[in-house]
Structure formats: structure tokens, C-alpha cells
Amino acid sequence: WADLEQKTGVAISRDAALEVFKSIDLNGDGKVSMSEFKIAMGLMPTQEDVEQELHEAAEIDFDIIDKDGSGYIEFDELWADLEQRMGGRVSQEVARGMFDELDVNGDGKVSIVEFKMKLGLRPKMEEVMEEVHADVENEFDQIDADGSGYLEFEEIWADLEQKTGVAISRDAALEVFKSIDLNGDGKVSMSEFKIAMGLMPTQEDVEQELHEAAEIDFDIIDKDGSGYIEFDELWADLEQRMGGRVSQEVARGMFDELDVNGDGKVSIVEFKMKLGLRPKMEEVMEEVHADVENEFDQIDADGSGYLEFEEIWADLEQK
């Protein structure tokens, strides 16, 4: 309507604009797609235009059926959708038959890839890769019996015996484990597992492992568990790692580089930033809250847990 008035330079009634709109909205869905617009302009839509619209329609339909937003269609969701579309009762047997046709890999849920394939569409590469990664991550979680986020030797050994159905010697299992444990730290990470499965780890996988490694390193240095690295802790850690004496001057130089805000202690945020990592939002917010709480405590001279007028006044003059 706005475009018609702009192009003609005159006011156009709502009814007249609606007639034009309806003539363009060929499928009557209340919106004009690129293909419909091109047809109105006397052009034949490209194959890419048509495929894009079919994909968008499939994705909208998928999301409508996927009521809980899990990214998968479960049987009850499909059954409920069928009854709603049919306007009446659909037997469980009929619904199960349709679900089983969609659930190609038989894992009890329908992915967007399976849904599109059933509609005769070629899934997008990113959708396929996302599903492959999800399957591998699910397998990793099943092997990771203790939920540590890493696969230990015993877990790999147990999984090998379960999958093969035969007893496997410790030495044979150890050979397999060592071939997967690429960095030799005695545990298999998600990235290492994906590489073993022939997949390139995602950026998220790599970043997660870098964060976990940084957090472990931080905790090792933070001997008193205060949540901060003090100078003496860093100095002692440097000497331990170097296997000998490190001068106070060298240690102080490294500490000052880490202690960005100069408060005499190194937070996990500062530590990660020095390693070139972007700190997690919850870490940043935790540090901000800690700084504000520390300032509050400094102003609260009598330790009452509240700031009285005189304390605020004194703080203003001091600042």
C-alpha cells in the first residue's frame, strides 16, 4: 500500500490497495514472497527462489509441530498435530505409521533433516552437519558415564566391549584410547572424540576446551581457593613450572601484566583475557558484582551492612 502510494504519488484507498495485494499474493497466505513478487513483475522465479521458499515453508511447519521447541518432533507432537489438522481423532496406529516413515534413523525423534527429506527437499549442508554433530555429541554423552565432560580410559574400554559384544584386553583397549587421546593428557575431550569420528570440531567445541583448560590452570595457581590469583601464588607457580628460582622482578612483571585493573589480584576474567579468550558473560558479571560489593564494604565504615548518610558524605569527599 505504502509502495503503491509512493510510486503513484496519490492517495489510494485501502480496498483498492487490498485488491492489488490479493492479485500478487498467489497462495493467499497474507504475504508476498520473492517468487510471487517476481511473477507479478513478469519474471519467472529462479530454481533458487522456489527452493528457498519450500525450505522456509518446511521450517515453519516443523516449528509448528515441534511444540516444545526441542529442535526435534516427538511422536506425541506429530500425533497432536495430525489430529488438529484433520479436525478429529487420528488413531495411534496411523500416527505411528506416519512417524516411523519420518524417523528414518529410528532414534525416536524426527529432525529437520529427516522432515525435509520426507518432503522431497535436499537439506541444507549446515542442517546436515548440525545433526551429525548432535549425534556424535549424544554418543559422547552416553559413553561419558560419570558426566565429567571427558572420556576416561575405563569408559572407552567399557564402550568398546559393549559395541563389539566381546571381551577386549586392556592392552588392546589402551591402544585405541591412545589413538584418540591426541594430546596425551589421559582423557578424551569432545574435540578429540569428534576428530576420531571423522568430524572437524566446531568453533564452540574448541573454545569450550580452551576455557576449561584456562579454568583448570587458574585453579591450580589459586592455591587458597579465593577465586583470585595473588602475587605470591603466581610467583610460587612460576618457580614450580620453571623448576628453579624466578626473580621477584620477573614474577612482578608477569603479575602486573595479568592484573589489568591494578587491584593487586588477578581474576578469572583478567586471566582469560591475557590468554586471548573472551570471558563468559557470567564471569564478567560476577566480577562486576564483586567489585561493586567490595566498594560498598569500603564505604560501610561501621560494617552495619547499610550505608548511612555520613558514610556516603565521607566517601564523596574522599573521592
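Guide: Leaving aside residues up to four places away in sequence, Lys 124 touches His 55, Glu 59 and Lys 116. Keep in mind that this is a predicted model. Lys 124 sits in the loop between helix 7 (112-118) and helix 8 (125-143), and at 31% relative accessibility it counts as partly exposed. Of those neighbours, take Glu 59: its side chain and that of Lys 124 are joined by a polar contact of 3.0 Å. For a sense of scale, Phe 75 is 49 residues from Lys 124 in sequence, and the two C-alpha atoms are 24 Å apart in space.

Now for the salt bridges. Side chains of opposite charge can pair when their charged atoms come close. The count here comes to 24 salt bridges. Take Asp 315 and Lys 319, whose side chains meet in one at 2.8 Å, N to O. Asp 315 counts as buried because its relative accessibility is 13%, under the 20% cut-off, whereas Lys 319 is exposed at 63%.

Another pair worth a look is Asp 81 and Arg 85, with a salt bridge of 2.4 Å, N to O. They are 4 residues apart in helix 5 (residues 75-86), so about one helical turn separates them. Asp 81 is buried at 6% relative accessibility, while Arg 85 is partly exposed at 47%.

Then there's Lys 280, which forms a salt bridge with Glu 215, the closest N and O atoms being 3.0 Å apart. Lys 280 lies in the loop between helix 15 (268-274) and helix 16 (281-299) and Glu 215 in helix 12, so this pair ties together parts that are 65 residues apart in sequence. Lys 280 is partly exposed at 31%, and Glu 215 is partly exposed too, at 22%.

Two or more lining residues come from each of helix 4 (47-65), helix 8, helix 11 (190-196) and helix 12 (203-221). Helix 8 gives the most, with 8 residues. By class, the lining has 6 nonpolar, 7 polar and 13 charged residues.

Methods: Residues are numbered from 1 along each chain as its sequence is written. This is a predicted model: local features need pLDDT of at least 70, side-chain atom pairs count only at pLDDT 80 or more; totals for chains, interfaces and linings use all residues. Side-chain values use heavy atoms; hydrogens and water are left out. Buried means under 20% relative accessible area, exposed over 50%, partly exposed in between (1.4 Å probe, protein chains only). Contact means heavy atoms within 4.5 Å. A polar contact is a pair of N or O atoms within 3.5 Å; within protein, one must be able to donate a hydrogen and the other to accept it, and residues adjacent in sequence count only if both atoms are side-chain atoms. Ala, Val, Leu, Ile, Met, Phe, Trp, Tyr, Cys and Pro count as nonpolar, Asp, Glu, Lys and Arg as charged, and the others, Gly among them, as polar. A salt bridge is a side-chain nitrogen of Lys or Arg within 4 Å of a carboxyl oxygen of Asp or Glu.
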